[in-house]
Structure formats: C-alpha cells, structure tokens
Amino acid sequence: MSATLDALQVLQQVTLKLTALRSKIERKKRSVRSHEQRQAAHEAELAAKHEVIMQRQSAVDQLELEVKTHEDRTTQLREALNKSKTNKEYAALLTEINTGKADNSKLEDQILEGMNRLEELRAEEQVIHSKIEDEKQALANAHKAADAFEQDSQAEVEALGRERAEAASAVPSSTLSIFERVAERHDGEALAQVVQPHPKRQEFMCDGCNMGVTLEQFVILQAGIDIQLCNSCGRVLFLDG
Ligand SMILES: [Zn+2]
C-alpha cells in the first residue's frame, strides 16, 4: 500500500505542475477575452453615441428648414408690403413680418445651441474612437502574448503529460480513478496529509480541509492495509514519512 501512496505522491507532484502550467495558459487566454469584452463595450458605446448624434443632427436640419420657410414667407410678405394699398393692410403685414423675425431669431438660437451640443457629442465620439484604437492595440498584444506563451509551453505541457501518464501507470486503476476524480475537484490537489494537532491526544485531522480523521482510518493507514479518503473533502489521505 505504501508503494501505491508513493506512486500517488509522484502523480500528485506532476499533476500540480501540469495544472499550474495549464492555468497560467488559461489566465492569458482569459485576459484576451476580457480585452475582447471591453472592445465590444466600447463599440456599443460608439454606436449609441452615433445614434444620438444622428438624432441631434436631424433636429438641427429640421430647424434650419423651418428658418428657410420663415425667410421665404418674409420675402413674400415684403413684396406684399410694397404693394399694400391701405394703412391697415400695411400695418398688418408689418406685424406679421416682425413676428416672423422674432420667431426666426428664436429658431437661430436653438440651432446654435444644437450645433454646440453636436460639437460636444462629436468630441465625445472621438474620445470613444481613440479608446477603441487603444483597446485594439492592447487586444493584439494580449493575443500575441497568449499565443506565444502557449507555444512556448507546449513542449513542457507534452513532457509533463508523458511524465504524468508514466506516474499514473504505477497506480492501480481503481485508485487512479479515485485520484482523478478528487484531483478534478481540488485543482490537482488530490492528496492530503493526516496531522495530529496535539501530540498527546489520539486525534487526527485532514490537512486539506482541517476536518477530523477517525482513529480507525489512521490505524488502517498506519498498517498500510488500504487507502483512505477524507470523509469531508474526499482527498486521499497519507501519513507523514
Ligand atoms: Zn479533508
């Protein structure tokens, strides 16, 4: 039984190395994904900003059209004014011309305000544009780094894989499947040492989860009769030394 535990220790070591390397590779890929998400968020922000700009622009266009209509009307009124026959008619036309002027002046103010706002919005749009450009660069760099790291690690991953297969072949298949299951659950950490917190007391603890290990389990392990699993975390237990 101690031979099996020795083989499991070797398997544990190489499994941890492999897990660490794989999670390093995965971290770099995650970084790429987070850059992609940021990029998408900026693109959405840009589209929304563009939509607002289009709406504002169309509002300003509409106002300009109204001004033009007013101006045409004023021209007509002036012609009528020149041809007016009575004082009453003259006064009425003059009032209408003046009212039109006042209306137009209000519209011009609104147009100016709209144009100013458009200018601000376009500046904001430009800021988002540059954010996208920066993010594009960052994404490309992250991509490059992730690919390079994966490529550089490939030989090591393969070597560790071979080493792991060899270590696994020294473990009985029923124990191996237990190991694999537990390793999966605990990031490759499938073994846990049994510790005795108080030297004078017959109390034992799993070092993986700090829960109790029974005296019976301890005795079985000490005698090397069978492997034992922690009742709480399921890790394969071993004794020191
Ligand atoms: Zn445990």
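Is the crossing of helix 1 and helix 3 right-handed or left-handed? In this predicted model, the crossing is right-handed, where a crossing is called left-handed if the near helix is turned anticlockwise from the far one by less than a right angle, and right-handed if clockwise. Residues are numbered from 1 along each chain as its sequence is written, and side-chain values use heavy atoms, with hydrogens and water left out. Because the model is predicted, local features need pLDDT of at least 70 and side-chain atom pairs count only at pLDDT 80 or more, whereas totals for chains, interfaces and linings use all residues.

Two packed helices are described by the angle between their axes and the distance between the axes. Helix 1 (residues 2-82) packs against helix 3 (residues 173-185) at an angle of about 35°, and their axes are 12 Å apart. Helices here are DSSP runs of H or I with at least four residues, strands are runs of E with at least two, and both are numbered from the N terminus. Axes are lines fitted to C-alpha atoms, for helices over the stretch in contact, and angles run from 0 to 180 degrees between N-to-C directions. From helix 1, Thr-4, Leu-8, Leu-11, Gln-12 and Thr-15 meet Thr-175, Leu-176 and Phe-179 of helix 3; contact means heavy atoms within 4.5 Å.

Helix 1 also contains Arg-38, which is partly exposed with a relative accessible area of 39%. Buried denotes under 20% relative accessible area, exposed over 50%, and partly exposed in between (1.4 Å probe, protein chains only). The C-alpha atoms of Arg-38 and Leu-65 are separated by 41 Å, the two residues being 27 residues apart along the chain. Ser-153, in helix 2 (residues 87-169), is buried at a relative accessible area of 4%. Residues up to four places away in sequence not being counted, Ser-153 touches Leu-21 and Ile-25.

Strands of a sheet pair through backbone hydrogen bonds, either parallel or antiparallel. An open sheet is formed by 4 strands in the order 3-2-1-4, with mixed pairing. Strand 3 (212-213) and strand 4 stand at the edges with a single partner strand each, so one side of each is left without a neighbour in the sheet. Two strands are taken to pair if DSSP finds at least two bridges between them. Strand 1 (residues 191-195) runs parallel to strand 4, the two being joined by 3 bridges, and Ala-192 has Leu-237 of strand 4 as its bridge partner. The pairing of strand 1 with strand 2 is antiparallel and spans 2 bridges: Val-194 is partnered by Cys-206 in strand 2, and Val-195 stands opposite Met-205.

Cys-206 is also a ligand of the zinc ion, which is coordinated by the SG atoms of Cys-206, Cys-209, Cys-230 and Cys-233 at 2.2 to 2.3 Å. Donors are N, O and S atoms within 2.8 Å of the metal (3.2 Å for Na, K and Ca); water is not among the atoms, so sites may look incomplete. The site is tetrahedral, with angles of 102 to 114° among its 4 donor atoms; four donors count as tetrahedral if all angles lie between 85 and 135 degrees. The donor residues follow the spacing C-x2-C-x20-C-x2-C in sequence. Cys-206 lies in strand 2 (residues 204-206) and Cys-230 in the loop between helix 4 (215-223) and strand 4 (236-238), so the pair ties together parts that are 24 residues apart in sequence. Cys-206 is buried at 0% relative accessibility, and Cys-230 is buried at 4%.

Gln-217 belongs to helix 4 and is buried, with a relative accessible area of 6%. Beyond its neighbours within four places in sequence, Gln-217 is in contact with Gln-228, Leu-229, Asn-231 and Leu-237.

How values were computed: Tetrahedral: all angles 85-135°; square planar, octahedral: opposite > 155°, others 65-115°.
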